Amino acid sequence: MATLHLLSHSPFSDSRFASCLRLLGPQDGLLLSGDAVYALQPGTAQLQALQLMPDSIAVYALDEDLQARHLPVPERALAVDYPAFVELCATYAKVNSWL
Amino acid sequence: MSKSLLIISRQAPWAGPSAREALDIALAGGAFDLPLGLLFLDDGVFQLLPEQQPSALQQKDLTANLQALPMFGVEALYVASRSLSERGLSEQPLALPVEQLDDSALSLLVDRYDQVITI
Amino acid sequence: MKFAIALFAPAHLPSSRRALRFAEAVLAGGHEIVRLFFYQDGVHSASSNAVSAQDELDLPAEWRTFVEQQKLDAVVCIAAALRRGVLNAEEAQRYQKPAANLAAPWELSGLGQLHEANQLADRLICFGGH
């Protein structure tokens, strides 16, 4: 039962990112929105942590949040729009938002 | 067959209403006989310390309400052992009978439930 | 697929707007929304009294329009609302408060409605925090 985890807090000022990464199952997915997209900032331990995860764990980022912040999309992540976000929620067995 | 719900409570007890409102979701679900689990993670583990005195902050007794969970049919109570050790609480007796889980067991726990709410 | 959507953030936080954009995409994708449930600070997203500058996003108004046009079941948790000062006319009267700031299409009800929505839906999606 793969879970899609949603993060929306900055990984620098908040512990949700680190806690979530420790909890991920090998088939889970991670969708970054809001300030959580800062985890894709080049040259950071946070991006490195994402890159070190097994490839079986997919990483997605909400496109509007990347654009607003002028952040590049690294190879490790796939930018998604709202329709794709909805379909991901349907594809994974359940969704866990780190409120 | 009812869908099962895991509630992950991550906030310290007196940080605001989150600890109490996470518990309210559990109690409401228990009252409807739904299959529920409650996991204490990160600062949420501070909710489990015994002998707290909420009256010093003019707050209601969260511990007493947590201890009512089995009466509402919510007995699947878990705590993240890493969250305890990070906070120096590994040897600390806790106010609730909770099962300690390491990181890999936590991942399996989430898998077992149909839905999750992380507050 | 049937979705239950729960919102935990007020209208001025990005997650409230994100929840609305997501909800719109759910319907546009041919799926169904079983219920919207506003809990914790999400009750403020249903306020009738938020005033937005003319050139700024009026998210409470957008939520209201969305719910009305799509005829959705939109519930605000009564316990969370009362303690945050979000009251409809009936509750304002009951508790002798000077004003009501919650109106149709929002209904005040209990957490049982969240649990019922979860049981009816295929997916529960929560928005909140930031």
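Sequence separation comes first: among contacts in chain A between residues at least 6 apart in sequence, 68% join residues at least 24 apart. The model is predicted.

**Chain A as a whole**

Chain A holds 4 helices and 5 strands. Read from the N terminus, its elements follow the order β-α-β-α-β-α-β-α-β. The C-alpha trace spans about 35 × 30 × 25 Å along the principal axes of chain A. How does the radius of gyration of chain A fit a compact globule? A compact globule of 99 residues would have a value near 13 Å, and chain A has 12 Å, so the two agree. Of the 99 residues in chain A, 45% count as buried.

**Chain A against chain B**

This contact draws 13 residues from chain A and 12 residues from chain B. Which elements of chain A give two or more residues to the side that touches chain B? They are α1 (16-23) and β5 (94-97). By residue class, that side of chain A divides into 5 nonpolar, 6 polar and 2 charged.

**Chain A against chain C**

Here two helices meet. Helix α4 (residues 82-91) of chain A packs with helix α1 (residues 14-28) of chain C. The angle is about 75°, and the axes are 9 Å apart. Angles of 65 to 115 degrees count as roughly perpendicular, so α4(A) is roughly perpendicular to α1(C). From α4(A), the contact uses A:Tyr82, A:Pro83, A:Phe85 and A:Val86. From α1(C), it uses C:Arg21, C:Phe22, C:Ala25, C:Val26 and C:Ala28. The residues of this helix contact divide into 8 nonpolar, no polar and 1 charged.

The table sets out the residue classes for the two contact regions.

**Strands in chain C**

Is strand β2 (residues 32-38) of chain C largely enclosed or largely open? In β2(C), 6 of the 7 residues are buried, so the strand is largely enclosed by the rest of the structure. Strand β1 (residues 2-7) of chain C pairs with β2(C) in the parallel sense, over 6 bridges. One residue pair can be named: C:Ile5 has C:Leu36 of β2(C) as its bridge partner. In a regular strand, side chains alternate between the two faces of the sheet.

Key:
Residues are numbered from 1 along each chain as its sequence is written. Chains are lettered from A and ligands numbered from 1 in the order in which they are written. This is a predicted model: local features need pLDDT of at least 70, side-chain atom pairs count only at pLDDT 80 or more; totals for chains, interfaces and linings use all residues. Two residues are in contact if their C-beta atoms, placed from the backbone, lie within 7 Å. Ala, Val, Leu, Ile, Met, Phe, Trp, Tyr, Cys and Pro count as nonpolar, Asp, Glu, Lys and Arg as charged, and the others, Gly among them, as polar. The radius of gyration is taken over C-alpha atoms; the globule rule is 2.2 Å times the number of residues to the power 0.38. A residue is buried if 20 or more other C-beta atoms lie within 10 Å of its own, exposed if 12 or fewer, and partly exposed in between; C-beta atoms are placed from the backbone. Axes are lines fitted to C-alpha atoms, for helices over the stretch in contact, and angles run from 0 to 180 degrees between N-to-C directions. Angles under 35 degrees count as roughly parallel, over 145 as roughly antiparallel, 65 to 115 as roughly perpendicular and the rest as oblique. Two strands pair if DSSP finds at least two bridges between them.
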